[in-house]
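Good morning, and thank you for joining. Please have the sequence and the coordinates open while I go through a few local features.

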Amino acid sequence: MTGKMKLLAGKLGRKIEELSRLRIRDTRSIIDVDIREAFSREELVSAETRRGRSGESWGGRDRYAEFSFSLDVPVGSPCRLRCDLGEGHELFGPEGLVMVDEHPAHALDKYHREVPLKAGEHTIRIEAWSGLGDEPHLYMPPRLLLVDEETEGLYFDGLCCLEAALTLPEDDKRRIDLLYALDEALGRIDFRKPGTDEFYLSVIEARRSLSNPLPGDAFAEVSAFGHCHIDLAWLWRVRHTREKAVRSFSTALSLLERYPNFVFSQGQAQLYAWLPKDRPDMFREVLERVNEGRWEITGSAWVECDCNLTGGESLVRQLLYGKRYFREKFGVETKVAWFPDTFGFNANLPQIFRRCGIEVFITSKLSWNQFNPFPHDTFWWEGIDGTEVLAHFITTPPNSPDLPYFTYNGILEAEKVAGTWANYRQKGHNTALVFPFGYGDGGGGPTMEMLEKGQRLPRFPFLPRVRFEGVEKFAHTLVDISKNTDFPRYRGELYLEYHRGTYTTQGWIKMLNRQSEILYHEAEIAASLALREGMEYPAKELEEGWKEVLFHQFHDILTGSSIAGVYEDARAAYRHILENGQKMRERAMRFIAGRMRAEKGSICLFNFLAHTREEPLGLPGGILSDFECSLVQGEKTCDTQQSEDGKLLVSGVSVPPCGCTVLRRGKKRKQKTSRLRVEEQLLENEYFRVILDNDGLICSLFDKRLERECIAPGETANLFQAFEDLPIAHDAWDIDRYYQDKRWDITDLSRIAVTEAGPVRGTLVLERRFGRSTIIQRVRIWRDFDRLDFVTEIDWQERNTLLKVAFPFSLRPQFASCEIPWGYLLRPTSPSSEQDEARFEVCAHRFVDISEADWGIALLNDGKYGVDFCGGTVRLTCLKSPLYPDSTADRGTHRFSYALYPHRGNLPASKVIERAAEFNQPVHAFNMDDTKVGYENPRSFITIEGEGVFLEALKKAENGEGIVFRLVERQGRRRHVKVRLLDPPLKLWETNLMEDYEREWPVKNDGWEAEFTPFQARTFLAVW
């Protein structure tokens, strides 16, 4: 830009700044304000009242206040109430809700300070929250602003014109012409006479001279919609979130009333579910706006959940409960999966999305990638089963030019609209883009300034044409475009090259999430089977429990990236979740067992997996107090052992698929000779010989069946390794590539002892110390089972320290198989590309397997997710212990287990998936009463004949008619299976994941048959 044009732009900016000041005709301070403060909203009612004084402070950390006054708003000029609660950080408060005549009118926060008022007498009450910053806030008396509409209109006309012109190249004639036209218009105003009739007449004339439309047609379209991203918990607790939602929704409703063409979009069903309880009147207003088509329901999920750690069935429930809630409460069928802030996406989501009726998936988070920009912005995303879903990435520039990624919290202005198009990489395929605008994360949403600009931006044809339109309508347009456009394709996971620590931080919540997912899966199976026997199905209780589980899968809770208070609340919530789930499961199991033929004192064993289980069992303490008797199944006497912790170990039991069996007491007999050897440096059974070195590390794991050594020559396994963990930016979120620069091998062995020596199980206890922490581990070998267990208890007191356990195996496969929801993903064991190098920490669920053609080794776990590879070495990430945002994260006692399972064949030819399921889902046992008449023992309710297909859900149908069976092929092969039921149905339908009927299915004899393609999920609904 030449010096003359720079000067002109500066001159125009100065005049527009002056117009901003002059648009306020008059200001009146409100002196008589009553203030009350308290530590909670409930305490405000009885708090002492004082008169507010300018310059005093209020608040502090997490305090509540109420500011009350009366106000007479004059007739004539539009009026706004200006309230400055303080200058806190946008994520830490302060915030407030303005109640006008006891009606929620508008929110107050860093970006929302003015509230429109109608003429007349009003009582004003501001419900204020100080936020979670430590500093108090300066009290400033509210002010009544009398606004001149024409001057304010000219201010926005001029500002938009200037901002639009500056998006063009410096030598572009349109830019120069616009600047000169704006200069001519503003030159009509005599700034020496503000407030006079002459001044206001000149303003009208200036606006008229700027009103002529510019020639030309827009080359692209931007669907701009108001948006309010609200993290359901993060740097604030859940109770704060509910208040943030009310405040943000009040602002959106206020803007919808004033701007007829404005569209507001909001996802996350949980936010809406809170509203009738917190503000029923506001919920009714939202419903009215939804019915008008101006408040758009979107997102489809119950919460914007994490999509790496969350299990497959939980992901279905996120969409099932979210979409069903929107359908029932608002009559809306959402088609968009709106996950703008989630930290990466597993490779089976396309199937789950499409089978739940999702047409378009939208996010922005992959623009955060550290090393490799994702190659597409609009593309067909293909999952591991071959299903495709249309994906679109937001390209809106961030609010700060220093940030390298795009945002879902856009500011609607010319520069950002131009940037959205400039950033987009499929320009040759598509000209329709999406632009969410409004402040977010901590709520807030759009502002009046954004809407004023948004209404004016279509004047400038050299910008993409802005139209107020929701994301669901944008998605419909994108789907239509895709029918005639060859968008690129991308197969596999959408890996975020960032936030790798979220697989591990706050390890306890990840374990409780997995336990809860399993518990409610089992409770549904038990309740469904009991329903067929005549018990009432606890539908409401199960749904409420599931929704609590789903809530805690929110992407800043389950990932471990929230403040300590969030996790205090979560621990209490999980106690409730687990207690209720256990009660429902127990009640149903006992109902079923009560119909089995048994003698008093017999033990009922219940198996919720759809394959026969023949592993040794560890039954709860107290299940059999008389260890002088034996246990008999049919004609077979089972070997037993009392464990070191008082449990009953049983070998030789067979438990039928998805069913139960009864063990009766018998006379004590001589048990067969144990083939176990357990010494301080040796563990041996008929399958393995495990040798430990002087440090208690495994130097040899010999598989006798294959006559192969599993540990790499010269290496030791089960080696705990600690690393200095000081990520550059996001302490709880990130593991940076350089973390391996400083490593400590934990070899200090303070204790080794044999605590169990058979006949069923042998156990070797190892105790180690590191810093201020202690690791106690029980290495367990079973007489009749080909699995080696590591039961681990860690008292962890380190800070900024990452803990892994390493297994250098003798195999050298090119890929490792990592379990993901409903399948597995092949990951390279050694990097061969920049993308591989960026994936130095990855997510795996219950197992990691490395295999050659004829054998392999699986590392199973019961609640850990982070893992890394280097050739044949697999390392499981155990703990992270960051300091921010929770300085106590991962400090304390952790109990978890992992296991080694060497096997014949590669993964699809092995029993890895079955062993991983068994490791996570023990057989359930309880004592029985005397039942002379009942069903024969054992009793199986469901049997799947055929390999590789697993029962993922068995539940009562959402419509109340029949039972839903969800079956998934997990081994990556084509399969033909037969499902046999104890009680064959009269009618059978195949449905989608939303349980909508698709086709009637033939019932043959006692069940049905079905074909499965690799990783395919199929859902059937049976009616009796």
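Helices and strands here are DSSP runs numbered from the N terminus, helices being H or I of at least four residues and strands E of at least two. The model is a predicted one, in which local features need pLDDT of at least 70 and side-chain atom pairs count only at pLDDT 80 or more, while totals for chains, interfaces and linings use all residues. Residues are numbered from 1 along each chain as its sequence is written, and side-chain values use heavy atoms, with hydrogens and water left out.

I begin with Q506, which sits in the loop between strand 22 (489-491) and helix 13 (507-532). Is Q506 buried or exposed? Its relative accessibility is 2%, so Q506 counts as buried; buried means under 20% relative accessible area, exposed over 50%, and partly exposed in between, with a 1.4 Å probe and protein chains only. Leaving aside residues up to four places away in sequence, Q506 touches G560, Y567, D886, A889 and D890, where contact means heavy atoms within 4.5 Å.

Next, helix packing. Two packed helices are described by the angle between their axes and the distance between the axes. The axes are lines fitted to C-alpha atoms, for helices over the stretch in contact, and angles run from 0 to 180 degrees between N-to-C directions.

For helix 1 (residues 3-22) and helix 2, the axes come within 9 Å and cross at roughly 155°. The two are therefore roughly antiparallel; angles under 35 degrees count as roughly parallel, over 145 as roughly antiparallel, 65 to 115 as roughly perpendicular, and the rest as oblique. Their crossing is left-handed, meaning that the near helix is turned anticlockwise from the far one by less than a right angle, clockwise being right-handed. On the helix 1 side the contact involves A9, L12, G13, I16, L19, S20 and L22, which meet T151, L154, Y155, G158, L159 and L162 of helix 2. By class, this contact has nine nonpolar, four polar and no charged residues. Here Ala, Val, Leu, Ile, Met, Phe, Trp, Tyr, Cys and Pro count as nonpolar, Asp, Glu, Lys and Arg as charged, and the others, Gly among them, as polar.

Helix 2 (residues 149-165) also meets helix 11 (residues 448-456), their axes coming within 10 Å and crossing at roughly 65°. That makes helix 2 roughly perpendicular to helix 11. This crossing is right-handed. The residues in contact include F156 and C160 of helix 2 and M448 and K453 of helix 11. The contact comprises four nonpolar, one polar and seven charged residues.

Helix 6 (residues 269-278) is largely enclosed by the rest of the structure, because seven of its ten residues are buried. Among the elements covering those buried residues are helix 5 (238-258), helix 8 (312-330) and helix 14 (539-551).

Finally, the backbone. The G93 to P94 peptide bond is cis, with omega near 5°, and P94 lies in the loop between strand 6 (79-82) and strand 7 (95-100). Y884 and P885 are likewise joined by a cis peptide bond, omega about 5°. P885 belongs to the loop between strand 47 (873-879) and strand 48 (892-904). S881 is in the loop between strand 47 and strand 48, and has a positive phi of about 55° although it is not a glycine.
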